[in-house]
Amino acid sequence: MFATGIENSIPTIKNGTVRIDQMTASDHYRRWREDFDCVQEIGITFLRYGPPLHTTWLAPGRYDWEFADITLADIKRREITPIIDLCHFGVPDWIGNFQNADFPALFAVYAAAFAERYPWVQLYTPVNEMFICAVFSAKYGWWNEQGTTDKTFVTALKHIVKANVLAMTEILKRRADAIFIQSESSEYFHADSPAAIGMAEVMNSRRFLSLDLNYGRRVDSEMYEYLMDNGLTREEYHFFLSNRLKQHCILGNDYYMTNEHRVFADGHTEASGEVFGYSEITRQYHNRYRVPIMHTETNLREGPTGQEAVQWLWKEWANVLRLRNVGIPTVGFTWYSLTDQMDWDSALREPAGHVHPVGLYDLNRQIRPVGRCYKTLIADWGKVLPTQSVCLAVPLVLPSEYGDKTHRRQHVEAREVREAEKVHDEIS
C-alpha cells in the first residue's frame, strides 16, 4: 500500500485560546479537489485522511458532515482508498482536552456515527500517534491541556488509548472486516554516558506504553508501578487487558530524523539524528507485538539542492525492503504529507506561518523533486512487491467493491471470527 496523507492536526495552544488547524494552513478546505488530483497524479491509491474533528463533531450526538460528505464522495469516486484519521492531536472545544474522563466514551459514539454514515470505509486510524499526543499535550506542556507532570501524562494516555480501543470496538460492530492501522511514533533513546543508562532504559520502556495498552499486552513491572503511581487504577489496567483487538490491527509506525534521542546524565534529551534507523527500531516493535507493519509517516525538509528529501525517501524505502527481506510482514509505505506543512519547525507551538517544505507538493500544488521520485518508485515497485508473497496481501475491499458478493462473504466471515473471539475472551 503506497500512501500519503493530508494532515488534519488540530491542537490548541496558549491555554486553549488558539487552535492550529493544518487543513486551514495548507488551504485544503478550498483546494481539496486539486489535492486529490495530486494524489492521483503520483499514482497513489491509499490516502491517510479524515474530516476535521473540531468542526464535524459539534456536541454529543450532533454532527456537521457537510465537508466529509463532499470530500469522501470524491475520494470514493476516484477509487482512492482512505485510511480514516478520526482524531489528530486535538478535540473540539466542548470536550476541553485529553484530561476529560468523558472523552473515550463520547469519542466511541462519534466513531460509531462515522462508521454508520460511511459503511464503505474499511481502514481506520482512530487516534493518531497516541504516545506523541499524550507527551506533547500532557508532559512537555506544548498543546491542549499543556500538562507537565507524570500524572497529567498518564491521565491523557489512558484516556487517548481507551478512546482508540472503544472506537475500534464500535467500528467493528458496524464493519466486521474493518482494519485498524495504528500510526504511532517509533522512538529510541540512546544513553550519552554511563550515568544516563538508567534514564534511557526508563524512556525506552515508556515509549511502548500506548501500544502495550492498546494491544492488551502486560506492561513490565517498572512501567506498571509508574502507571499506578500516576493515576491508572487496577480496573482501568484490566480494561486494556480484556479488550485485546490486535488481531484486527496493522502496526503503522512513523519514523523521522528526530525519532531517536540522546539522553544526558542530567535527564535532558536532544534529537540524535538517525543512529539505528527505521528498520532496526521497527524490528524492536515487531518483536514485541508480532503484527504486520506499515511505515505510516516519514519526510525530510527539501534542502538547498532539492535532493535531500529524495535521498531520504530512498533510504526509508531501502529500510522497508530490508524488513520484508528478513521476514517481517510489511504491507505499506507512506510519505507524509501530500503538501508542505506549516509551523512544524516549532512543533505547532507558535502560529508563525513558517512553511515546512516536506510535501510531495509545495503549497502552490507544484510537484517537488521528492514527489517525482515517489511517483517513479511507485511505478517501479508497485507491480513487483505483490507478486513476492500472496500471504502479504491485506484483505482489502476497494470503495467500489463495497457490498458486492465477495465483500459480503468477507464481512460474514469476519463477523463470525469476531464472535468467536468474544467467546474465547469470556472463557479466558
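This is a predicted model: local features need pLDDT of at least 70, side-chain atom pairs count only at pLDDT 80 or more; totals for chains, interfaces and linings use all residues.
In strand β13, A271 is the bridge partner of H261.

Strand β12 covers residues 260–263, and it pairs with β13 in the antiparallel sense over three bridges. Both belong to an open sheet of three strands, in the order β10-β12-β13, where the pairing is mixed. At the edges are β10 (188–191) and β13 (269–271), each of which pairs on one side only. On average, neighbouring strands of this sheet are turned by 35 degrees against each other, direction ignored.

Next come the aromatic rings. How many aromatic pairs does a search of the whole structure find? The search finds 38. One of them is formed by F103 and F107: their ring centres are 5.4 Å apart and their planes meet at 35 degrees, so the pair is tilted. Both residues lie in helix α5 (residues 103–117), four residues apart, which is about one turn of the helix. An α-helix has 3.6 residues a turn, so residues three or four places apart point the same way. Both F103 and F107 are buried. They also take part in a cluster linked by ring pairs, whose members include W57, W94, Y110 and F180.

The table lists two examples.

| Charged residue | Ring | Distance from ring centre |
|---|---|---|
| K162 | F239 | 5.1 Å |
| R349 | W142 | 3.9 Å |

K162 lies over the face of F239, while R349 places its charged end over the ring of W142.

Finally, take a look at helix α10 (residues 221–229). Which of its residues are buried? They are M223, Y226 and L227. Seen down the axis of α10, these buried residues fall within an arc of 95 degrees, so they line one face of the helix. On the other side of α10, the exposed residues are S221, E225 and D229. What covers the buried residues of α10 includes α7 (150–174), α9 (209–214) and α8.

Terms used. Residues are numbered from 1 along each chain as its sequence is written. Side-chain values use heavy atoms; hydrogens and water are left out. Two strands pair if DSSP finds at least two bridges between them. Helices (H or I, at least four residues) and strands (E, at least two) are DSSP runs, numbered from the N terminus. Axes are lines fitted to C-alpha atoms, for helices over the stretch in contact, and angles run from 0 to 180 degrees between N-to-C directions. Rings of Phe, Tyr and Trp (its six-membered ring) pair if their centres lie within 6.5 Å; planes under 30 degrees apart count as stacked, over 60 as edge-to-face and the rest as tilted. Buried means under 20% relative accessible area, exposed over 50%, partly exposed in between (1.4 Å probe, protein chains only). A charge sits over a ring if NZ of Lys or CZ of Arg is within 6 Å of the ring centre and within 35 degrees of the ring normal. The arc is that of the directions from the helix axis to the C-beta atoms. Contact means heavy atoms within 4.5 Å.
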